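Please look through the sequence and the model below, and then follow the paragraphs that come after.

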Amino acid sequence: MPPRLVSSRIVASCCTASAEASISSLSMRLAGLQVQQARQVSILGRLANVKGSVKDRKRVGRGPSSGHGKTSGRGHKGQGQHGKVKPWFQGGQTPLIVKLGQKGVDSFRIPQMAEVNLDQIQSWIDQGRLDPTNRITPKELIECGIIGTVKDGVKILARGGSCIKQPIDVMVSRISGKAIEAIEGAGGKVTTRYYTKLAIQRLLTGESVNTDQPLPVGKEHVEKFVAAANKNPFNRYRLPDPTGREDIEYYRDPAHRGYLSQQLAPGESPSLYFRVPGVTKTKTVRKVKQATATDDLLF
């Protein structure tokens, strides 16, 4: 049988339905677009600054009705109205800071320490920039770049103490208590030694050698050290030892792992004000002159 032909009415109705559907969808989209645009316009119309974020400019010289008075807040005549006065100016009298003095002072005796944390040291070791098999001193810390400038000494702090993976041997100026626990807990060794800025500079130039032994006191040790200096003339300077009481007591304290703690006698305190128990100083006996018969005579 030949194929049946589609009626023209059916075709017309289908086209009309599709056209109506497209028109309705387009009208819905336009309506939605209009609603969205109207919503955006309504939001833009209600935008404003946060309350208190913008202040009006102070308009002076507009008379008493401006709220700043007839003289614009400067008062009547005088230096305050005609020019600027520094806040600490007291009218020409002797300033109180000069008359009464300043309470408290800034101590210039406190050494300026370069601070290094344990996580920085471990990071430099992981990068291969610091050798953990050698003793870590201020010289190694400056040469590897972990410290930029030379100061009066180096102090190690405990940040990142749990990052220490291997035992290290450290000899610096100061160290915190928690840093000591972290290093010794990993099997390392800690020693604190007295340094100065000039001593660190000489270490960098090779004029001094790091040592944790203090300079012995006594004439019997002079020849020994002179002979050692003659053998190696490049090491012309020996590292200094502390001379101030506070520094001596710090490096005599075993809790600080000071290099002078080995000089303490059993039971001796690091403080210089306390004596060793059981050790008494011999007192000089004053000789009393015996009275004679001639002492009563006036002439």
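Is Cys-144 buried or exposed? Cys-144 is buried, since its relative accessible area is 12%, where buried means under 20% relative accessible area, exposed over 50% and partly exposed in between, with a 1.4 Å probe and protein chains only. Cys-163, at 34% relative accessibility, counts as partly exposed. The structure holds zero disulfides, a disulfide being a pair of cysteine sulfur atoms within 2.5 Å.

This is a predicted model, in which local features need pLDDT of at least 70 and side-chain atom pairs count only at pLDDT 80 or more, while totals for chains, interfaces and linings use all residues. Residues are numbered from 1 along each chain as its sequence is written, and side-chain values use heavy atoms, with hydrogens and water left out.

Turning to the loop between α1 (8-45) and α2 (79-82), one finds Leu-47 there, and Leu-47 counts as exposed because its relative accessibility is 60%. Together with Ile-43 and Leu-44, Leu-47 forms a nonpolar patch on the surface, with about 310 Å² of accessible area in total.

Ser-72 is also found in the loop between α1 and α2, but Ser-72 is buried, with a relative accessible area of 19%. Its side chain reaches the backbone nitrogen of Gly-61 at 3.0 Å, and, leaving aside neighbours within four places in sequence, Ser-72 is in contact (heavy atoms within 4.5 Å) with Val-60 and Gly-61.

Note on methods
Patches are made of residues with over 30% relative accessible area and no salt bridge: like charges are joined within 9 Å, nonpolar side chains (Val, Leu, Ile, Met, Phe, Trp, Tyr) within 5 Å. Accessible areas come from the Shrake-Rupley method with a 1.4 Å probe; for residues, only the protein chains shown count as cover. A salt bridge is a side-chain nitrogen of Lys or Arg within 4 Å of a carboxyl oxygen of Asp or Glu. Helices (H or I, at least four residues) and strands (E, at least two) are DSSP runs, numbered from the N terminus. A polar contact is a pair of N or O atoms within 3.5 Å; within protein, one must be able to donate a hydrogen and the other to accept it, and residues adjacent in sequence count only if both atoms are side-chain atoms.
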